[in-house]
Amino acid sequence: MREGTAALIRREDYVAPAYWIRTVDLTFDLDPAKTLVTSKMKVERNAAVPHGPLRLHGEELNLLRVLINGESVSFRQEGHELIIESAPDADFSLEIRNTCAPEKNSSLSGLYTSGGGFFTQCEAEGFRRITYFLDRPDVMAVYTVTLRADKAKYPVLLSNGNLLETAELDNGRHLAKWHDPFPKPSYLFALVAADLVSREQRIRTRAGRDHLLQVYVRRGDLEKTEHAMNSLIASIVWDEARFGLPLDLERFMVVGVSDFNMGAMENKGLNIFNTSALLASPATATDADFARIESIVAHEYFHNWTGNRVTCRDWFQLSLKEGLTVFRDQEFSMDMAAAPSARAVCRIQDVRALRSVQFPEDSGAMAHPVRPDSYVEINNFYTPTVYEKGSEVVRMYQTLVGRQGFEAGMKLYFERHDGQAVTCDDFAAAIADANPGSALSTRLETFKRWYSQSGTPRVQARGSYDAAAQTYTLTLKQHNPATPGQEHKLPQVIPVTMGLLSREGQVLPLQLQGEAAPVGTERVLVLDQAEQCFVFTGVASEPVPSLLRGFSAPVILDDGLTDAELLVLLQHDADAFNRWEASQRLALNRILQAVRTGETLVLDAAYLDAMRTVLRDPQLDAAFKELALTLPGEAYVAEQLEVVDPQEIHAAVEAAHVQLAAALADDWAAAYEANQVKAGYEPSPVQSGQRALANLALSMLVLHATRNGDAVWPGRAYQRFKDATNMTERLGALSALVNAHAELAEPALQRFHALFKHEALVVDKWFALQARAAEDGGKTFARVKQLLQHPDFTLKNPNRARSLLASLCMFNPAAFHRADAAGYVLWAEQVQLLDGINPQLAGRVARAMDRWTVLAEPYRAAAREAIARVAAKPELSNDVREIVERALA
Ligand code: PHE
Ligand code: ZN
């Protein structure tokens with residue numbers, strides 16, 4: 001909770017610590033009510049900075065004693081600091097004893113209990129809730145950890161590194177001692193003491209070393225760990241093959257816990273996972289869950305090098321590890337997908353997520369650079385900008401220096417910085433220095449504006465064809481609109497991967513003015529000025545440009561293409577991403593037209609024919625068809641508008657759905673039949689693509705039938721729901737019924753709950769599905785209000801809280817933004833309740849109002865009032881206060 005006024009922490013104020021802690025010997029006497037922590041440290045003064053007091057961080061701790069070199073010493077406590085004025089100049093030992101109360105810790109930061117076990121979460125600043133420490137990432141120490149606990153209740157005792165010894169103690173207690181040979185920042189410390197079982201696998205890596213891999217979960221969940229174990233092994237193999245980065249520990253452990261604020265955490269050698277990001281069986285997890293688990297397991301494993309071996313100097317550099325590690329996990333998922341079309345599907349999904357979540361962030365109240373300049377609460381900066389836009393920035397390095405150049409840059413980065421805590425500048429320098437003379441190195445300082453400027457750049461592209469000269473001139477302009485605290489922006493380095501097509505769809509060779517001969521059919525134009533022209537020669541007829549292929553930069557492109565040109569791209573572009581993009585643009589243009597003019601939406605024959613052609617094309621993958629035929633989400637539509645009326649957007653998108661369902665009814669039925677997976681369940685790209693398309697087709701068929709009072713398809717959907725042998729099909733059929741408001745939705749929902757009431761992760765899906773259901777005259781909102789009272793609902797478990805609150809407030813605009821402001825009243829009330837339990841989570845849900853300023857009336861005024869009401873509360877956490885104050889600024 002906030003004590004006094006929270007300070008703004010600024011990047012430019014960074015100073016190195018006055019002391020280093022070189023080794024830590026921790027002993028835990030674990031007890032849920034009162035855990036005793038003894039910490040013995042070797043401390044060294046940092047000669048590089050002026051001599052000053054030793055200031056240790058500590059929160060919600062009960063201090064018992066402080067010894068320096070074995071003698072008691074005078075100290076004082078001020079706020080969240082323990083200050084020792086008279087610390088010695090020479091190296092000394094520091095011993096601290098304190099207690100903490102894990103079972104009272106509902107914030108899930110520090111040491112807490114969950115399901116009868118002990119777990120820790122120390123990133124970013126949780127270690128200070130365990131014991132007093134220099135809790136900052138540039139202080140790296142070697143840890144030895146002794147755990148003592150009741151053996152019957154906590155048979156498994158884990159910490160980072162290698163197990164040194166175990167022993168039996170009196171009173172039914174036992175002990176385990178762990179040692180991690182790698183110096184690490186405190187945020188990577190972890191312990192687990194619980195009644196768990198593990199899946200184990202021994203592997204030998206390329207380097208010829210043997211390793212033990214373990215996945216620990218609660219009894220009964222073991223059969224749901226196979227996919228995670230396979231993903232871990234695949235990640236280890238991939239990192240060695242692609243980047244030459246081996247596993248550096250004999251033992252690598254992964255643990256699942258059901259109360260966790262985020263997806264997972266990369267603690268050295270002891271990754272801790274939200275069970276939602278770890279456990280999967282075909283009966284309980286969807287294809288999307290399987291894919292998410294694979295990528296999160298990989299992400300945490302990849303942190304072992306990008307984050308742990310080389311860590312961040314300070315939290316402003318968070319994207320150094322997160323952007324880079326997201327990039328690595330995205331590359332991994334693409335390589336796992338193997339087939340070119342499946343790679344494109346991965347890319348499309350990543351871009352869709354970026355545009356629906358990060359773009360709104362970058363144009364809202366919380367817009368911040370990839371490397372922020374200031375924060376009040378660092379927990380608020382684990383954002384799509386730091387993660388996903390950060391990954392796009394890393395991808396642009398690769399685009400500018402090439403895949404091999406990027407690998408060379410990574411090699412240099414580890415040669416220079418292994419074992420260090422560094423900055424984004426250090427990373428940039430390594431990639432540039434390994435690629436002298438490259439498109440990156442020659443404009444590195446300009447490129448680095450991606451770290452300092454917030455906001456999504458707009459790129460405008462216009463072509464003009466000169467038939468007589470056979471030249472095509474492409475003019476690119478960029479502009480980055482103002483964002484909070486950044487009125488004026490400078491041009492950024494924007495790699496535009498592109499090609500040219502003839503009107504008949506043939507690929508054209510690319511020859512820029514001044515070149516002797518064409519250079520391939522795809523190239524990267526580097527836009528680094530406000531405006532630049534590129535002249536292509538030898539162009540026989542007016543071409544259609546295919547720009548920003550593969551989404552080569554995180555920008556909003558206005559290419560001014562007509563429907564006819566988009567149709568050429570949709571059919572013929574060599575780049576699958578841009579074929580998909582054309583499908584989305586065609587739909588978006590029609591939806592926006594309806595919203596802007598207030599006219600009812602009518603999908604024309606040109607669009608419907610194009611979609612029918614895609615659906616029928618035997619050459620195209622099911623996965624691609626599903627993506628092309630899925631209409632743009634309401635959040636993405638909202639992003640295109642200056643004034644947002646969520647109800648109007650919903651009405652237009654809904655009308656598009658109904659018309660697409662009706663016009664293509666026969667083709668949907670054919671696609672549904674053609675994409676039944678008969679083989680045994682596998683979460684492979686091919687099978688999951690087929691299930692995705694069958695689910696989309698079914699939802700269209702049920703929607704169309706429901707609108708026409710026809711009972712056949714709803715009946716078939718109900719049958720499929722009942723008979724499904726995997727969660728993807730079962731949930732697909734259920735959501736088809738729910739979103740179409742079919743009569744059978746109700747019995748299906750009841751049956752689903754009865755079937756899965758003992759599977760917490762499936763109950764989360766049950767809540768989320770209802771809270772995300774297409775709004776129908778206020779019924780969805782009313783249902784969420786009811787569900788808040790459901791005996792299975794609780795704010796204490798983050799997954800459960802999110803399943804209702806984030807689903808409604810952040811993913812169902814039409815149900816949330818109501819003319820009577822009831823959505824905002826609910827938001828204000830639940831954010832405050834949640835804040836008393838778990839400020840981090842409350843801060844996340846609070847962000848549902850980030851974009852209130854673009855809302856149309858009466859939403860805008862009501863939203864403002866709700867935010868102001870929350871901001872007026874004196875007892876808010878820093879987390880929520882920072883969000884609401886920024887919203888009102
Ligand atoms: N560092 C974690 C990851 O991205 C995320 C995380 C942050 C988890 C803070 C818990 C707390 O992999
Ligand atoms: Zn991460």
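## Two loops with a positive phi

L108 sits in the loop between strand 9 (92–100) and strand 10 (110–114), where helices (H or I, at least four residues) and strands (E, at least two) are DSSP runs numbered from the N terminus. L108 is not a glycine, yet it has a positive phi of about 60°. Is L108 buried or exposed? With 23 C-beta neighbours inside 10 Å, L108 counts as buried; a residue is buried if 20 or more other C-beta atoms, placed from the backbone, lie within 10 Å of its own, exposed if 12 or fewer, and partly exposed in between.

E60, likewise not a glycine, has a positive phi of about 55°, and its place is in the loop between strand 4 (54–57) and strand 5 (62–68). E60 is partly exposed, because 16 other C-beta atoms lie within 10 Å. Most residues other than glycine have a negative phi, and most peptide bonds are trans.

## The model and its numbering

This is a predicted model, in which local features need pLDDT of at least 70 and side-chain atom pairs count only at pLDDT 80 or more, while totals for chains, interfaces and linings use all residues. Residues are numbered from 1 along each chain as its sequence is written, and chains are lettered from A and ligands numbered from 1 in the order in which they are written.

The chain averages a pLDDT (the predictor's confidence in each residue, from 0 to 100) of 98, and 99% of the residues score at least 70. The model scores ipTM 0.99 and pTM 0.99.

## The chain as a whole

The chain holds 27 helices and 32 strands, and its C-alpha trace spans about 90 × 70 × 60 Å along its principal axes. For 889 residues a compact globule would have a radius of gyration near 29 Å, and the 28 Å of the chain agrees with this; the radius is taken over C-alpha atoms, and the globule rule is 2.2 Å times the number of residues to the power 0.38.

Of the 889 residues, 53% are buried. Among contacts (C-beta atoms, placed from the backbone, within 7 Å) between residues at least 6 apart in sequence, 70% join residues at least 24 apart.

E123 and A124 are joined by a cis peptide bond with omega about -5°, and A124 lies in the loop between strand 11 (117–121) and strand 12 (140–150).

## A covered helix

Helix 12 (residues 622–629) is mostly covered, with 8 of its 8 residues buried. Its buried residues, among them F624 and L627, pack against helix 4 (340–362), helix 10 (576–597), helix 11 (605–616) and helix 16 (685–707).

Key. Two residues are in contact if their C-beta atoms, placed from the backbone, lie within 7 Å.
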